[in-house]
Amino acid sequence: MTNRRLMAVLSLVFAAGLAVGAYVSMDDVSPLTPSAHASQSRRGKPQSRRGKPMVSPTEARERDYYAPNSETLQPDEIRVIALGTGMPTPRPFQAAACFLMELGNGDKFIFDIGDGSVERMFALQIPTAFLDKVFIGHLHGDHFGDIGSLFVAGGIAGRFTPLRIWGPSGATPELGTKAAIEAMEKMFAWDIAGRLGQTDIRGFATEITEFDYKKEQVVYEENGVVIRSFPAIHAIDGSVSYSLEWNGLKIVFGSDTYPNKWFIRNARGADLAIHECFIAVPDLVAKYNLTPEAALQVGTQIHTAPEAFGKVMSMVKPKHAVAYHFWKDFDTTPGVYERVRSTYDGPLGLAEDFMVWNVTREGVRERMAIIDEHTWNPPHAYPAEPVRKEDLVGYSPEIEGGRLDVDDVIRPIYEEASEALGRKFEYPTNK
Ligand SMILES: [Zn+2]
Ligand SMILES: [Zn+2]
C-alpha cells in the first residue's frame, strides 16, 4: 500500500468517527491498560481494585446503530435511509438507487426506486400505506426498476390507495414517466385480474404526475413540504434531480447526472446533499469489465466521477455530503475516497445500503441501520375492506374440471377457523 493510499484509508476511519460523533473523551476511557490490569492481577484482589464498572453488566445501553421502529422521529427531524446505493446490476450488499426520507410530520417520500430496493424498504417494517409517494429522477432501470414491486407488494401488504408517482417528461411522450408507468400497469393486467375478489386491491392503481424535465419548478406542495425538480444531464434528455424543503431543513437528491449548474444552484444551503459518485475509471476497466473507451465515457461523461463529485460539493458546501452509485468494497472505497478528497474536504458520507442520516437544525448524525432478514410484511395502518365474491374472475370449465377432490382435508380448515374466531366461514361451493 502506498503511503498516500494508507493516509487515505486512515483519514476514512477518522472521517467515519467524526460523522457518527464517536469520539470518546480520554477521561472516559478506563485507565486500566491491559498491562496495568495484568500487574494488578498478580498482586491479587483485582475485583476490589476495579471498583464499580462504568458499564452495567445488566442494564440496556444506548445503541450506536438504528434499529427500525425503535426511535420516535421528532417533530423537527428528518430521517433519511439509503435503500439502494449501488449499480444497475443489484447485488446482495447493494441494491440500485433508492433513498427514503421520513419527516417528523409523518410524511414519507421515496426518491428513486432502483432494482432490489423494495425488499430493503420492507425490511424497515413501515406500513406500506405510508410508502405511497415516489419521486423518480430518471427512467433508467436502476432508478425505477422496482416500482412494480412496490405497486404489487405494497398493494398486497396494506396500501389501499393509489401509488402516487412523480417523474419527468421525456423528449417525446413515449419517453416520459406517464407512458412508463401506464405500461407497467398494463404489464400487471394478469396479476390484478387474478386478485379480484380474493383480496382488497384498492391499492392496485396509480396517480401519475408528469412534469416538464426542462424546468426548475415546484412539483409537490402539501402539508408544509415543498419538493422542487430541476434538470440533470444524463444519457439523453429527461433526467432530473429534486430538493425537499420542510421546517427549515433542506435535503437534495441528485439522480444520475453529469455535474450541472442546476444542482449547484438548488443545493446551496442544503443540510444533506446526496449526489451520484461513480466507480473510478480504473475499477470500471479492471472489475466492471468495461473497455477503457466505455469506462471513460460512462465514468466521466454520463455520470459524475469522484473527483467531479468533490468539485460539486466544494461549490455547494452542504452541511453533509453523501456520495452513492459505486460499489463500496474494501478495495474500491479507498480509491473513491482519495479521488473525492482531492477536490473536497467537507463533511462526507460514502453511502451504502441501510446507512441512516438524522437531520435536524443542530446537524446531521450518520450511522447504520440494522435489520432483520426474516421480517414479515409490515403491519397494516388501515383495515382492509371485505372482498366481494362476485368480483372473482374464476376459471374456464377446462381448468375448473381439473380440481382434485380434497374437500375432506380443506373443509376442516374452515371449521377450525370458524370455531377459533367465533364466526361462521361458509365453505365455498362455487370456487
Ligand atoms: Zn442512469
Ligand atoms: Zn444509475
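H12 itself spans residues 306–316. Its buried positions are Pro-306, Ala-308, Phe-309, Gly-310, Val-312, Met-313 and Val-316.

Just after H12, Lys-317 adopts a positive phi of about 50°.

## Nonpolar core

The largest nonpolar core holds 87 residues. Those touching the most other members are Phe-99, Met-101, Ile-251, Leu-272, Ala-273 and Ala-323.

Leaving out residues up to four places away in sequence, Leu-272 touches Val-80, Ile-251, Pro-318, Lys-319, His-320, Val-322, Trp-357, Val-359 and Val-364. Among these contacts, Ile-251 is also listed with the core members that touch the most others.

## The eight-stranded sheet

Eight strands form an open sheet with mixed pairing, in the order E6-E5-E4-E3-E2-E1-E14-E15. Strands E6 (206–211) and E15 (363–368) each have a single partner strand, so they stand at the edges and one side of each has no neighbour in the sheet. From one strand to the next, the twist averages 20°.

Strands E4 (residues 133–135) and E5 (residues 163–168) run parallel and are joined by three bridges. Within this pair, Phe-135 stands opposite Trp-166 in E5. Helix H7 (residues 177–187) packs on the sheet, where it touches E5 and E6. The direction of H7 makes about 160° with that of E6.

## Chain totals

The chain has 431 residues, and buried residues make up 37% of them. Its secondary structure comes to 15 helices and 15 strands. Of the contacts with a separation of 6 or more, 67% are between residues 24 or more positions apart.

## Confidence

The average pLDDT of the chain is 91, and 88% of the residues score at least 70. Two stretches have a pLDDT below 50: residues 1–22 and residues 24–41. Beyond near neighbours in sequence, residues 1–22 have 20 contacts in the model, and residues 24–41 have six. Where pLDDT is low, predicted coordinates should not be read in detail.

Technical notes:
Residues numbered from 1 in each chain as written. Chains lettered and ligands numbered in written order. Predicted model: local features only at pLDDT ≥ 70, side-chain atom pairs only at ≥ 80, totals over all residues. Pairing = 2+ DSSP bridges. Helix = DSSP H or I, 4+ residues; strand = E, 2+ residues; numbered from the N terminus. Axes fitted to C-alpha atoms, helices over the stretch in contact; angles between N-to-C directions. Contact = placed C-beta atoms within 7 Å. Buried ≥ 20, exposed ≤ 12 C-beta atoms within 10 Å, placed from the backbone. pLDDT = per-residue confidence, 0-100. Core = buried A, V, L, I, M, F, W, Y, C linked by C-beta atoms within 7 Å.
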